[in-house]
Amino acid sequence: MKVTKWDMADYIETAEDVLIYLSTALEEGEPSDVINVLGAIARSKGMTQLAKQIGVSREALYTSLSEKGNPSFITVLNVL
């Protein structure tokens, strides 16, 4: 059996997908789950373009939204 890594970002294609994943994380998850979903949304939309739009470097955005990241509230709001 071959096991591959699953990435939520590969399954976020529409605005409805974004709403489903984000609302589920907000309703049922921990704060870290919300950050993970935001990271997946950002990856699905293009991290480089999003970083430019919100005025941070791509590396800083990846770090903030990583599993061990701790984004500022303004970063979260800007991503949303």
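This is a predicted model: local features need pLDDT of at least 70, side-chain atom pairs count only at pLDDT 80 or more; totals for chains, interfaces and linings use all residues.
Me: Why is Ser64 called buried, rather than exposed?
Reply: Its relative accessibility is 18%. Buried means under 20%. So Ser64 counts as buried.

Me: Where is Ser64, and what is it in contact with?
Reply: Ser64 sits in helix 4. Leaving aside neighbours within four places in sequence, Ser64 is in contact with Ile35, Gly69, Asn70, Pro71 and Thr75.

Me: Thr63 is in helix 4 too. What makes Thr63 exposed or buried?
Reply: The relative accessible area of Thr63 is 53%. Exposed means over 50%. Thr63 is therefore exposed.

Me: How far is Thr63 from Gly39?
Reply: Along the chain, Thr63 and Gly39 are 24 residues apart. Their C-alpha atoms are separated by 9.6 Å.

Me: Why does Ser72 count as partly exposed?
Reply: Ser72 has 36% relative accessibility. Buried needs a value under 20%, and exposed needs one over 50%. The value for Ser72 lies in between, so Ser72 is partly exposed.

Me: What makes the link between Ser72 and Thr75 a polar contact?
Reply: The two side chains meet at 3.0 Å. The cut-off for a pair of N or O atoms is within 3.5 Å. So this pair counts as a polar contact. Ser72 itself lies in the loop between helix 4 (58–64) and helix 5.

Me: How do you know that Tyr21 is partly exposed?
Reply: Tyr21 comes out at 25% relative accessibility.

Me: Where does Tyr21 lie, and which residues is it in contact with?
Reply: Tyr21 lies in helix 1. With neighbours within four places in sequence left aside, its contacts are Trp6, Met8, Tyr11, Ile12 and Val37. Tyr11 is 10 residues from Tyr21 along the chain, and their C-alpha atoms are separated by 10.0 Å. Contact, though, is judged on heavy atoms within 4.5 Å.

Me: What label does Thr14 get, and why?
Reply: Thr14 has a relative accessible area of 37%. This falls between the 20% and 50% cut-offs, so Thr14 is partly exposed. Thr14 lies in the segment before helix 1. From Thr14 to Ser32 is 18 residues in sequence and 23 Å in space, C-alpha to C-alpha.

Me: What makes Leu38 stand out in the largest nonpolar core?
Reply: This core has 21 residues. Leu38, Leu61, Leu65 and Val79 touch the most other members. Helix 1 (15–28), helix 2 (31–45), helix 3 (47–54) and helix 5 (73–79) each give two or more residues to the core. Helix 2 gives the most, with 7 residues. Beyond its neighbours within four places in sequence, Leu38 is in contact with Leu22, Leu65, Val76, Val79 and Leu80.

Me: How do the residues lining the largest pocket divide?
Reply: The lining holds 3 nonpolar, 2 polar and 4 charged residues. Its members are Lys5, Trp6, Asp7, Asn36, Ala40, Arg43, Leu65, Ser66 and Glu67. Asp, Glu, Lys and Arg count as charged. Therefore Lys5, Asp7, Arg43 and Glu67 are the 4 charged ones.

Me: How much space lies in the largest pocket?
Reply: About 210 Å³.

Technical notes
Residues are numbered from 1 along each chain as its sequence is written. Side-chain values use heavy atoms; hydrogens and water are left out. A nonpolar core is a set of buried Ala, Val, Leu, Ile, Met, Phe, Trp, Tyr and Cys residues joined through side-chain atoms within 4.5 Å. Buried means under 20% relative accessible area, exposed over 50%, partly exposed in between (1.4 Å probe, protein chains only). Helices (H or I, at least four residues) and strands (E, at least two) are DSSP runs, numbered from the N terminus. On a 1 Å grid over the protein atoms alone, a cavity is a set of points where a 1.4 Å probe fits but cannot get out, and a pocket is an open set with protein on both sides within 12 Å along at least five of seven lines; lining residues have an atom within 4 Å of a point. Grid points are joined across faces, edges and corners, and a volume is the space filled by probe spheres set on the points. A polar contact is a pair of N or O atoms within 3.5 Å; within protein, one must be able to donate a hydrogen and the other to accept it, and residues adjacent in sequence count only if both atoms are side-chain atoms.
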